[in-house]
Amino acid sequence: MSGLGLGLNRRIVVIGGGIHGLGTAFHLARLGFRSVRVVDAGYFQGGASGRNGTLVRGGFASPEWTRLFAFSNQRWIALSRTLGENVMYTRRGYLIVAESERTQRLIEAAVPLHRDCGLSSEVIDPATLKRLAPSMATSTVRSAVQLRDGGVAPHHAAMQGFLKAARRLGVVVEYGKAVSAIEQDGSRIAAVVAGGERLPADLVVLAAGAQSVAVAALAGVRLDAFPQRIEALALEPVRPVLRPAIALPDRLCYLHQSARGEIVGGAEVAERPQDTLAVDLPVMATTARIYAEMFPAFARLRILRHWAGMLLATPDWGPLLGPHPELENLWVTTGWSYGIAGAAGTTELVAQSIAGDRPHELIRPFAVDRFRRGKPVTDGSIVLAPVEHPAAVP
Amino acid sequence: MIAFTWNGRRLQAQEGDSAADALRRNGVRVLAATRKRHRPLGWSGSFVQGVLAEVDGVPNVRLDQVPLRPGLALRRQNAWPSPGFDLLKAFRWLPARWVQGGFEHPRWLASGTGRFERWERLLGFLAGEGRLSPAAPALPVVPGARRRVDALVVGAGPAGRAEAAALEAAGKTVLVVTRGPKAVEGVETLTRHEAFGVYRGGRLVAAAPLDPSQGALVIETAELVLATGRRSCPPVVPGNDLPGAMDAPTALHLAERGIDLGRVVVVGTGAEAAVGAALARAGRVVATAPVASLRAILGRHAVRAVALDRRIACEALVHAGPWIGDPGLAFQAAADGRLRLTAGSLPPGVRVVGGAAAPDEPVHVGDLAAARRAAVCPCMDVMGGEILDLAAAGMTHVEELKRQTGCGMGPCQGLPCWEMLRALLAKATGSAVDDRPSHRPPRRSLTVAQAAGLAELVEPQQ
């Protein structure tokens with residue numbers, strides 16, 4: 001039980017000011033920790049937390065994913081009250097649409113699991129689907145599951161909410177402050193050097209998204225993950241034509257229409273992981289092809305912009321959560337691919353786990369060393385292309 | 001004469017007119033409105049929002065790129081319940097600060113309540129502007145094409161023509177892409193096409209025809225020459241987005257079409273006298289002056305006067321400078337980064353030539369008190385005051401300002417708004433702002449149907 005002697009006076013340095021870094025810092029401060037400091041190499045909302053598709057769902061196909069994300073979904077609904085800020089979470093519903101027999105079986109079988117986890121989840125009939133998503137072409141659709149509690153959290157509102165709430169509780173948050181060194185004292189981190197300043201640390205939380213591997217390397221430890229570019233695009237605004245958020249697992253595509261009227265989404269293509277924010281043509285063309293097939297009315301809309309964000313991909317696409325096995329006082333919350341969906345709840349769980357020095361049971365399946373133990377947490381319902389892991393994972 | 005309709009009203013115009021020409025010929029100056037406050041916008045050559053309308057039932061069509069056809073039905077969008085009886089115009093009376101960045105998530109309408117869900121639906125309706133029927137007939141995918149050339153020249157102005165001719169003479173296969181109607185003599189030219197994105201360090205360029213029924217292209221090239229010229233940046237003074245304020249190329253085009261501009265004041269950075277002389281046949285040029293002497297453009301629904309050292313009544317304010325380049329394609333060729341895209345030096349094989357290579361002229365910013373009422377990004381209703389207040393509160397990172405205000409996130413996608421933002425910020429902070437947000441393709445240059453036609457033409461990187 002390292003560090004507990006210092007209790008709430010422990011100096012905590014959170015590396016990464018995205019939604020998980022800010023959220024974990026907020027919850028740590030809320031639990032009474034008096035010295036919480038967040039440093040980030042980039043600018044506010046500059047990372048994946050400001051570039052994502054903003055979709056939130058609680059229901060997946062595996063119990064591990066669903067338990068964690070269902071908890072987080074509930075926390076999203078309450079988050080404005082928790083933070084005292086309007087995070088704009090809209091419970092507009094989330095449709096998982098199956099076009100293959102395999103996906104149909106998978107999502108329909110998951111409905112009882114969703115309900116066990118307290119989610120409103122049901123298989124909807126074609127007429128209901130037509131009513132919920134009149135712009136969708138349904139000829140290839142075999143089945144759809146509606147998650148009523150799912151929806152959309154525009155990242156700018158959530159990020160501002162967490163930032164303001166964290167600062168109100170005394171958390172110091174600084175952007176443009178890159179970590180250049182991590183000083184160690186035996187198997188512990190003694191200090192983090194960021195922006196030329198030495199920050200003594202009793203505990204470090206690594207929440208640096210795609211940069212986490214490089215930051216972990218400064219501490220001499222490895223993460224079983226690699227940076228990967230994900231791209232998305234926004235169509236020009238039109239009056240509301242699509243209410244629910246939609247995932248098309250068979251096409252690795254997701255989309256929604258934002259409160260700005262833009263249709264925002266993207267599809268995955270199988271490519272070698274790219275470590276850059278520069279975009280490429282295949283994702284734009286593939287996404288457009290899927291829209292043209294599945295949402296024929298969108299075919300005449302113009303594409304406003306196309307951008308990329310970077311996430312940290314893990315072999316099972318699940319996050320890396322909990323203490324790092326090789327350093328006593330390093331906690332990790334990174335490797336997120338459904339980072340917005342998981343943020344409202346997991347930040348709370350990670351903070352609680354740190355306070356109790358024991359990973360909460362919902363995050364335990366996502367332990368940092370699970371791949372080395374041969375225990376990945378795969379989920380068949382996620383909208384991400386399987387990739388060959390570039391680094392060999394034992 | 002060709003008959004068409006505007007909001008159901010029958011009008012006539014001439015053969016060869018664009019829809020925007022035709023409306024202007026009929027004295028229609030207000031074509032659109034800003035996103036939130038519904039302030040009037042017209043054809044400016046600077047702000048795309050001012051020429052977006054519904055054309056034959058298709059939303060968000062650029063009127064200046066639509067050739068007039070008999071029976072064309074043009075309709076103003078972002079009006080409710082109808083353009084003739086538009087209650088949304090009432091938003092014009094909202095104080096600017098009520099719709100500044102963050103207005104959409106006030107604490108008193110917090111999420112997790114039914115009240116918020118209704119508010120959010122209302123936001124989506126108001127922000128949506130164009131109408132798209134969910135049951136609109138399917139539009140077939142427009143097949144694209146892939147080309148391979150030794151050299152691609154973007155732009156067919158003097159510099160582009162010279163470059164293209166020299167490359168052709170050197171025995172290379174050359175392709176020119178230009179928005180304009182004129183081909184370069186002796187060189188294969190895609191006219192009325194827009195090169196909208198540069199990928200893979202300049203090796204791949206994507207272009208789309210202005211006509212959405214034609215396919216887009218991916219061009220693989222060893223050499224890329226950007227001869228995209230310069231454009232005149234609107235001044236950062238009150239009234240800079242009023243219908244009747246326009247850049248010199250737009251005014252000259254209207255003059256060439258024989259369309260009356262009324263009384264005209266021309267401001268500029270040296271070209272104002274020449275532009276004034278060229279415009280004399282289209283209107284009465286009542287004054288020419290350096291842009292630096294412009295204090296405000298006056299009018300409620302359209303330009304009625306300008307304030308120089310004195311007030312001059314006019315119907316058009318034409319700006320001929322400051323001249324700035326379009327940084328988009330060069331940025332995309334050079335940009336890389338993990339935390340943020342930043343442009344280093346251009347990759348080998350990519351060159352910027354002609355006016356586009358000349359240093360930008362400083363954007364005119366009026367005195368700061370007045371600049372508070374200037375539009376920085378009219379489409380998104382970002383006014384100078386909002387930027388100045390955020391800068392005073394310590395927010396000076398251009399990417400953060402973009403995310404906070406929405407500046408540059410409308411149909412222009414940052415040009416000219418970010419240039420105006422930078423100039424205003426520099427004046428407010430007293431130090432140069434050598435930075436702008438990432439220029440992201442494709443800047444509404446192609447439809448989903450056209451982009452879908454590019455699928456399978458480019459292999460993902462393996």
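The legends below describe several views of a predicted model, beginning with a whole chain and ending with the contact between two chains. Residues are numbered from 1 along each chain as its sequence is written, and chains are lettered from A in the order in which they are written. Because the model is predicted, local features need pLDDT of at least 70 and side-chain atom pairs count only at pLDDT 80 or more, whereas totals for chains, interfaces and linings use all residues.

**View 1. Chain B as a whole has 11 helices and 27 strands.** Helices (H or I, at least four residues) and strands (E, at least two) are DSSP runs, numbered from the N terminus. The radius of gyration of chain B, taken over C-alpha atoms, is 22 Å, close to the 23 Å that the globule rule (2.2 Å times the number of residues to the power 0.38) gives for 462 residues, so chain B is as compact as a globular protein of that length. Along its principal axes, the C-alpha trace of chain B spans about 60 × 60 × 55 Å. Buried residues, which have 20 or more other C-beta atoms (placed from the backbone) within 10 Å of their own, make up 55% of the 462 residues in chain B.

**View 2. An open sheet of 5 strands in chain B has the order E2-E1-E7-E5-E6, with mixed pairing.** Two strands pair if DSSP finds at least two bridges between them. The edge strands, E2 (9–13) and E6 (58–62) of chain B, each pair on one side only.

**View 3. Strand E1 (residues 2–6) of chain B pairs with strand E7 (residues 73–75) of chain B in the parallel sense, over 2 bridges.** B:Trp6 has B:Leu74 in E7(B) as its bridge partner. With E2(B), by contrast, E1(B) pairs in the antiparallel sense over 5 bridges, and B:Thr5 stands opposite B:Arg10 in E2(B). E1(B) and E2(B) form a hairpin with 2 residues between them, and B:Asn7 in the turn has a positive phi of about 55°.

**View 4. Where chain A meets chain B, 67 residues of chain A are in contact with 63 residues of chain B.** Two residues are in contact if their C-beta atoms, placed from the backbone, lie within 7 Å. The elements that give two or more residues to the side of chain A that touches chain B are helices H2 (63–83), H5 (155–168) and H7 (281–294) and strand E17 (303–313) of chain A. H7(A) gives the most to this side, with 9 residues.

Terms used:
Buried ≥ 20, exposed ≤ 12 C-beta atoms within 10 Å, placed from the backbone.
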